[in-house]
Number of protein chains: 2
Amino acid sequence: MVNPEQLLQTLQAEFEKHSYGENPAELYEPISYIMSLHGKRFRPLLTLLSASIYSENISAALKPAMAVEVFHNFTLMHDDIMDRAPLRRGKPTVHEKWNANTAILSGDVMLIRAYDLLLDIPKEKLRLVLERFNQTAAEVCEGQQLDMNFETRWNVTEGEYLEMIRLKTSVLLGFALELGGIIGGADEESVKLLYAAGENMGIGFQLKDDLLDVYGDPSKFGKQVGGDIIANKKTFLLIEALSKADEATKSELEKWISEPVFDAEEKINAVKAIYESLSIRSLTEQKISDYFGKGLENLRNLNIENSRKEPLLQFAQQLVEREK
Amino acid sequence: MVNPEQLLQTLQAEFEKHSYGENPAELYEPISYIMSLHGKRFRPLLTLLSASIYSENISAALKPAMAVEVFHNFTLMHDDIMDRAPLRRGKPTVHEKWNANTAILSGDVMLIRAYDLLLDIPKEKLRLVLERFNQTAAEVCEGQQLDMNFETRWNVTEGEYLEMIRLKTSVLLGFALELGGIIGGADEESVKLLYAAGENMGIGFQLKDDLLDVYGDPSKFGKQVGGDIIANKKTFLLIEALSKADEATKSELEKWISEPVFDAEEKINAVKAIYESLSIRSLTEQKISDYFGKGLENLRNLNIENSRKEPLLQFAQQLVEREK
């Protein structure tokens with residue numbers, strides 16, 4: 001049976017020996033830098049685990065899996081410019097360490113390099129994979145645009161928010177699983193189920209991110225707990241609270257959102273108290289559980305013996321239970 | 001015999017009915033905008049003319065030719081952010097009309113859409129075309145990075161400058177011709193000659209740009225004549241002048257370059273006088289003639305009857321003689 005830990009080591013070794021280019025150094029160093037920031041690499045792992053359901057030989061899926069991770073890091077490099085983020089995984093972002101021009105151009109090359117890695121696919125499957133990748137990549141950009149649009153809107157609905165995170169986050173998880181299935185040799189129906197599993201779990205994953213930002217254990221969660229509340233970030237929790245609150249509660253929430261000067265701890269506690277009064281935590285937990293439940297159900301419905309799905313199911317379970 | 005004018009009309013009609021996407025509008029409107037700014041479209045025309053040497057049916061080359069133009073406009077959108085350019089073809093640049101974030105993200109989608117258009121290639125040629133495109137695309141980014149690096153360096157050599165414009169401008173012309181050859185069915189040797197033709201003519205083309213900026217006819221040249229001199233842009237002419245000048249002349253040139261306040265006409269005339277004293281104009285014209293000569297020679301060496309090459313040769317001749 002495949003072991004996610006071993007797959008991760010194989011992946012890391014492959015990333016370490018992979019060259020994105022050399023000259024000019026100003027163009028390629030930022031790529032090595034962002035790729036070395038030790039992301040969880042769970043997207044390419046999903047591809048390998050998905051391929052391993054259908055094939056003993058996962059080496060054919062290695063470079064395409066890396067393409068998914070390189071693409072993901074390209075979006076981080078460009079999103080960080082747009083979001084003016086100073087830090088990524090606790091280290092300076094590329095546009096901070098170098099400058100915005102470098103982050104734009106290095107990001108562009110990363111996207112091209114992702115396509116390079118995707119070419120390592122059998123000829124008869126190449127066009128299908130690229131069509132699916134192109135659609136996914138464009139949708140991720142659409143999600144980022146919607147996310148930016150939402151910054152200046154206060155009437156974002158739950159439906160709009162879920163569609164935004166579906167595009168920005170979950171279609172890439174869907175593609176990661178789909179890609180493994182296509183390379184491994186899954187039939188069309190199974191490929192669709194794998195995509196749906198990634199899509200559902202991706203939404204659950206992002207909602208969990210929103211939840212952990214408020215209710216995470218500070219000793220485990222990588223970012224500052226309450227950061228989204230301080231930044232007035234339109235998360236699932238805030239959107240639900242704004243939609244469920246009565247007039248008085250809504251006014252109080254809006255007061256905290258519009259207050260330019262505030263004590264951080266006081267604001268976090270006040271907003272958390274409002275969330276508490278509206279049962280936002282349990283409502284969010286239920287939603288997360290629903291989406292992950294659907295995703296796991298998609299995986300269970302794959303028409304192949306259970307033992308082959310076990311490693312992917314176990315890994316998916318870890319994503320459900322993550323605390324960071 | 002194919003007619004470049006007709007091919008251009010076919011291309012324009014295809015561009016006009018092509019959709020890059022709809023929602024969110026903030027993401028896709030800038031793409032339609034930049035694609036509507038009436039570039040000369042000579043890169044996709046090169047692809048169609050190249051394909052027409054080997055095949056009567058150029059419709060197979062239409063979408064891939066459009067990919068070259070969409071890619072080119074993607075680089076313009078991102079380069080304009082990096083260069084803080086206010087205008088493109090006389091109209092506000094995307095980052096000026098919208099903002100830098102929009103120009104980053106719309107540009108990203110354009111690169112993806114270029115790959116979409118490239119998929120319209122017979123299965124057995126797809127990987128080869130994508131490998132060549134990926135290499136070309138990365139080289140264009142390398143050229144842009146070198147161009148930015150040169151902004152803060154005063155010891156750029158002729159060789160370094162020629163390599164920069166080879167990457168930034170001419171490899172895409174090489175690819176445009178190569179692409180048409182591959183789709184049309186040219187043999188490997190001819191495909192290499194087509195690439196070399198584009199590469200050589202691309203360098204000639206960029207040097208001509210440098211020349212026209214100083215010696216162009218203001219009534220024909222699209223940009224302000226002398227604009228590069230005013231901006232101290234490191235063109236072929238300036239690099240040659242700095243390398244050929246004696247100490248006294250070099251000092252005078254450097255004085256004009258470092259002067260923060262100056263009368264534009266006076267500066268242009270002074271720098272032109274220095275160019276004149278060093279025969280920079282004829283030296284540049286000779287270099288342009290050399291590169292176009294090599295490019296046309298590459299085309300003449302194609303192993304096929306002359307009548308088939310005639311439309312491409314005539315079109316290339318127009319590029320040599322252009323005054324804008």
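Me: What percentage of the 324 residues in chain A is made up of buried residues?
Reply: The structure is a predicted model. A residue counts as buried when its relative accessible area is under 20%. In chain A, which has 324 residues, the buried share is 58%.

Me: How many helices and how many strands are there in chain A?
Reply: Both kinds of element occur in chain A. The count for this chain is 15 helices and two strands.

Me: What is the radius of gyration of chain A, and what does the globule rule give for 324 residues?
Reply: Along its principal axes, the C-alpha trace of chain A spans about 60 × 50 × 35 Å. Chain A is as compact as a globular protein of that length, because its radius of gyration is close to what the globule rule gives for 324 residues. The radius of gyration is 20 Å, and the rule gives 20 Å.

Me: How far apart are the mean positions of the positive and negative charges of chain A?
Reply: Chain A has 37 positive and 51 negative charges.

Me: Why is helix α11 of chain B described as largely enclosed by the rest of the structure?
Reply: Helix α11 of chain B covers residues 236-244. Its buried residues include B:F236, B:L238 and B:E240. They pack against α8, α9, α12, α13 and α14 of chain B.

Me: Is A:E14 buried or exposed?
Reply: A:E14 lies in helix α1 of chain A, which runs over residues 4-17. The cut-off for a buried residue is under 20% relative accessible area. A:E14 has 15% relative accessibility, so it counts as buried.

Me: Which residues is A:E14 in contact with, leaving aside its neighbours within four places in sequence?
Reply: A contact requires heavy atoms within 4.5 Å. With the neighbours within four places set aside, the contacts of A:E14 are A:L62, A:K63 and A:M66.

Conventions. Residues numbered from 1 in each chain as written. Chains lettered and ligands numbered in written order. Predicted model: local features only at pLDDT ≥ 70, side-chain atom pairs only at ≥ 80, totals over all residues. Heavy atoms only, no water. Helix = DSSP H or I, 4+ residues; strand = E, 2+ residues; numbered from the N terminus. Rg over C-alpha atoms; globule rule 2.2 N^0.38 Å. Buried < 20%, exposed > 50% of the residue type's maximum accessible area, 1.4 Å probe, protein only. Lys, Arg positive; Asp, Glu negative; His and termini not counted. Charge placed at Lys NZ, Arg CZ, Asp CG, Glu CD.
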